Amino acid sequence: ILMEAAGPLSGKVLDMGAGWGAVGITIAKAYPDTFVTMAEINSRAIELIHKNMAANGVSNCETVATDGYTNVTGVYDYILTNPPIRAGKAVIYQMFADAREHLAPDGAMFIVIRKQQGAESCVKYLKTLFNEVEKLDKSGGFWVLKASEPKGDTENEV
């Protein structure tokens, strides 16, 4: 659903909270003009990402062990996330706010979130951070959101 909604990707991609790498590896394989960084807090998940990278023959990607954006450097054309809802609103909203510092001026952040897990309030908060917030798709109870044109620092921090 995310790849269909986002369309063709190129450039630098950050998969924030990559899990075992399903999204990041799929993008790296489908779009060889990308370089995908998969950020993940769980060391076991990072081991699985490396195994899945090898199994899928992708080399246009890397992993970074991080809690949020702590160890993330650089600027990305695209940031993708299915935020860790159970971590709480304060944690995921801080992730959205921190994404602005790592998003290219003409870049976009794509978020997959369940409607019943706060999609509507998520859209409201994203509008405090980004000039453009769109609902690209909704199916099976999930929404795909696109946030672009980051606003400067505002009084919207969590």
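This briefing covers confidence, charged and aromatic side chains, cysteines, and the packing of selected residues. The model is predicted. Its chain averages a pLDDT of 88, and 91% of the residues score at least 70. Over residues 154-158 the pLDDT is below 50. That stretch still has 14 contacts in the model beyond near neighbours in sequence. Where pLDDT is low, the predicted coordinates should not be read in detail.

- The structure holds one salt bridge.
- The partners are Arg44 and Glu47, whose side chains meet at 3.3 Å, N to O.
- Both residues belong to helix H3, which spans residues 43-56.
- They sit three residues apart there, so about one helical turn separates them.
- An α-helix has 3.6 residues a turn, so residues three or four places apart point the same way.
- Glu47 is partly exposed, at 43% relative accessibility.
- Arg44 is also partly exposed, with a relative accessible area of 43%.

**Ile46 in helix H3**

- Ile46 lies in helix H3.
- Ile46 counts as buried because its relative accessibility is 10%, under the 20% cut-off.
- Setting aside neighbours within four places in sequence, Ile46 is in contact with Glu40, Thr63, Val64 and Ala65.
- Thr63 is 17 residues from Ile46 in sequence, yet their C-alpha atoms are 7.0 Å apart in space.

**Cysteines**

- A search of the whole structure finds zero disulfides.
- Cys61 is buried, with a relative accessible area of 7%.
- Cys122 is buried as well, at 1% relative accessibility.

**Helix H5 and its cover**

- Helix H5 runs over residues 119-129.
- Its buried residues include Ala119, Cys122 and Val123.
- Tyr125, Leu126 and Leu129 of helix H5 are buried too.
- Among the elements that cover these buried residues are helix H4 (89-99) and strand S5 (103-114).
- Strand S6 (130-139) and strand S7 also contribute to that cover.

**Strand S7**

- Strand S7 covers residues 142-150 and includes Pro150.
- Ser148 also has its place in strand S7.
- Ser148 is buried, at 10% relative accessibility.
- Beyond neighbours within four places in sequence, Ser148 is in contact with Gly107, Ala108, Phe130, Asn131 and Glu132.
- Pro150 is partly exposed, with a relative accessible area of 24%.
- With neighbours within four places in sequence left aside, the contacts of Pro150 include Arg100, Leu103 and Pro105.
- Pro150 is also in contact with Leu129, Phe130 and Asn131.
- Glu101 lies 49 residues from Pro150 in sequence, but the two are 8.7 Å apart in space, C-alpha to C-alpha.

**Aromatic rings and charges**

- Three aromatic pairs turn up in a search of the whole structure.
- Ring pairs link Tyr93, Phe96 and Tyr125 into a cluster.
- Tyr125 is also one of the buried residues of helix H5.
- The charged end of Lys12 sits over the ring of Tyr76, 4.9 Å from its centre.
- The charged end of Lys135 sits over the ring of Trp143, 4.0 Å from its centre.

Key. Residues are numbered from 1 along each chain as its sequence is written. This is a predicted model: local features need pLDDT of at least 70, side-chain atom pairs count only at pLDDT 80 or more; totals for chains, interfaces and linings use all residues. Side-chain values use heavy atoms; hydrogens and water are left out. A salt bridge is a side-chain nitrogen of Lys or Arg within 4 Å of a carboxyl oxygen of Asp or Glu. Helices (H or I, at least four residues) and strands (E, at least two) are DSSP runs, numbered from the N terminus. Buried means under 20% relative accessible area, exposed over 50%, partly exposed in between (1.4 Å probe, protein chains only). A disulfide is a pair of cysteine sulfur atoms within 2.5 Å. Contact means heavy atoms within 4.5 Å. Rings of Phe, Tyr and Trp (its six-membered ring) pair if their centres lie within 6.5 Å; planes under 30 degrees apart count as stacked, over 60 as edge-to-face and the rest as tilted. A charge sits over a ring if NZ of Lys or CZ of Arg is within 6 Å of the ring centre and within 35 degrees of the ring normal. pLDDT is the predictor's confidence in each residue, from 0 to 100.
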